[in-house]
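Please open the structure in your viewer and keep the selection tool at hand.

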Amino acid sequence: MPDLSVSQIAVRQRASLSFSARNRIRIATLRRLSGYSLSCMLMLSACSSTPHSDRDRSQSNRPSVASHTTIPSPAVLSFPQSDYFQHAQVEPLAFLNRLTWGSNRSSAAQLAMLGPDRFLMQQLNAKQSDVPSTIQAQIERMTISQKPFLTMMQELDQQREAAAKMKGTDDTLRKAYQQELSRLAREAASRSVLRAVYSSNQLLEQMDWFWMNHFNISSRKENLRAMLGDFEETAIRPNALGHFRDLLRATILHPAMLRYLDNEHNAVGKINENYARELLELHTMGVGSGYTQIDVQELARVLTGLGVNIRADKIVQRPAARLRQAREESVRFGMTEFNPRRHDFGDKNLLGVNIPGSGLQEIEQVLDLLCRHPATARFISQKLAQYFVADEPSETLVQQMARAFLQTQGDIRHVLKTMFETPEFIASLGKKWKDPMHYVLSSVRLAYEDQLIVNPGPVLSWMNTLGQQANGHQTPDGYSMKEIAWASPAQMTQRFEVAKLIARGAPALFKTDEEETSADHRELAHFNLSRDAFAKKMVESWSPAAREALNQAANPQEWQAFFFSSPEMMRR
């Protein structure tokens, strides 16, 4: 699709206007939204070729990401190395902007060292986050990193019970309980932001978010705020570039999912279909793929008895890797419990396949059935292609990916590699609209590559302003990845405001909530992209109008506001 400017988005219904008329509207729109002068806000553009000084780029007291991060060598490949991108002469920055949360100097150096094909292999084979030691230390100091999940949840449950006893007489304990839930949710969101900004394994970080959105769990229900960190860390991340069956299985067995979609209330004689319906509609086969209401009911019967138990008494721990028939005693793995007294042990028939009543083993058969189904292969492939290629990917591409899914039994890396190594993917580079996550993170990765942020709170606030709060989507379908959801005039107004906030520098990024803002915090927040060689390299490929607008910026802060507001920064 053609690349639309910011103001053209706002007036897309007036496409019949002449080019000069559209330019006049664009200038007026930018001027009105930004508050800057007409000459300053023309269209956003290039920087001068004046060499930058060491002081402009970094200070001696600022830790450098580059000095902490090593470029990893490609892992042992599980599929043949190719030279597809080398032969295609893919544009490096455009390639990076799609495979990462946003290109910056360190990712460009990584790509230059490895070449695009080996870079992709390294990204596909990444197993864990690779962040500077200072960032890792921040993560390790978090409660969600230090305290065992089960212990933390049991303590919270005791706090909840104590607050309930004081209801109507003293609200202090209830408020403290709610504040602690919110604090833990913020820790989980902060951890994700720190990894997204600073990890060199950027594809893993993108896939981690993709699957968190695919298996969306809203933080607004009961105590799920405290569960989301573990859900991401133990169910999603280890399987984000693995096999879809393992990923699906991990989500089915996590208490956060069982609680969010009410399966803990699903019992023989009292069927709750919520999770079964979403499992078919949103997690595997997709709407209109051939399943019926009877299939939803039969799947709900399979899932009876699978629920949540936070109590500390009578815990029988069994590895989730070995789901065995249990007809007499409850089986627990952490907080997930299979209670045979609540399970329907009758035979089921799902999608025309007979499933003998055997307790937990029924879930294994359902996993095989769903993950080998062509509809699941197509649905997952279509969502991946929509995220990485286009709002409406071609049927040819989706079918090609679905075949790879079925041939490799749902190997996510092979499906991604199949998608990446296509002319359609290369042709789409630079055209995919950024959702708020991509927009904010790509900006922060450029602004604060050399400064290690201490408090991701402002980053989370900018995302909230743009309507994409971490784990804030209330319904299980997750946030939309289509341009139409994020390119409205109202959204663009907010983006211009966020662009100005980022450009101004955010001292709060470098202080704890308890600290007062100091001159040191302000100095750490200062950055100057107008004197940055990498930013100038980016601008070289931008439109003449964008470069002209940047040339008319009155100062570095205004230049950065224009830079982050540019049409080119809205796409990846």
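A residue is called partly exposed when its relative accessible area falls between the limits for buried, under 20%, and exposed, over 50%. The model on display is a predicted one.

Select E222 first. Inspect the backbone here: E222 is not a glycine, yet its phi is positive, at about 45°. Most residues other than glycine have a negative phi.

Next, select Q89, in the loop between α5 (84-88) and α6 (92-99). Q89, also a residue other than glycine, has a positive phi near 50°. Is Q89 buried or exposed? Its relative accessible area is 69%, so Q89 counts as exposed.

Select M207, W211, L416, F420, Y448, F563 and F564, the residues with the most contacts inside the largest nonpolar core, which has 159 residues. Helix α12 (residues 172-198) supplies the largest share of this core, 10 residues.

Keep F420 selected and display its surroundings. Which residues are in contact with F420, if neighbours within four places in sequence are left aside? They are Y84, F85, L99, L120, L203, F388 and F425.

Finally, select helix α19 (residues 361-371), which is mostly covered, with eight of its 11 residues buried. The buried residues of α19 are E362, I363, E364, V366, L367, L369, L370 and C371.

Notes: Residues are numbered from 1 along each chain as its sequence is written. This is a predicted model: local features need pLDDT of at least 70, side-chain atom pairs count only at pLDDT 80 or more; totals for chains, interfaces and linings use all residues. Side-chain values use heavy atoms; hydrogens and water are left out. A nonpolar core is a set of buried Ala, Val, Leu, Ile, Met, Phe, Trp, Tyr and Cys residues joined through side-chain atoms within 4.5 Å. Buried means under 20% relative accessible area, exposed over 50%, partly exposed in between (1.4 Å probe, protein chains only). Helices (H or I, at least four residues) and strands (E, at least two) are DSSP runs, numbered from the N terminus. Contact means heavy atoms within 4.5 Å.
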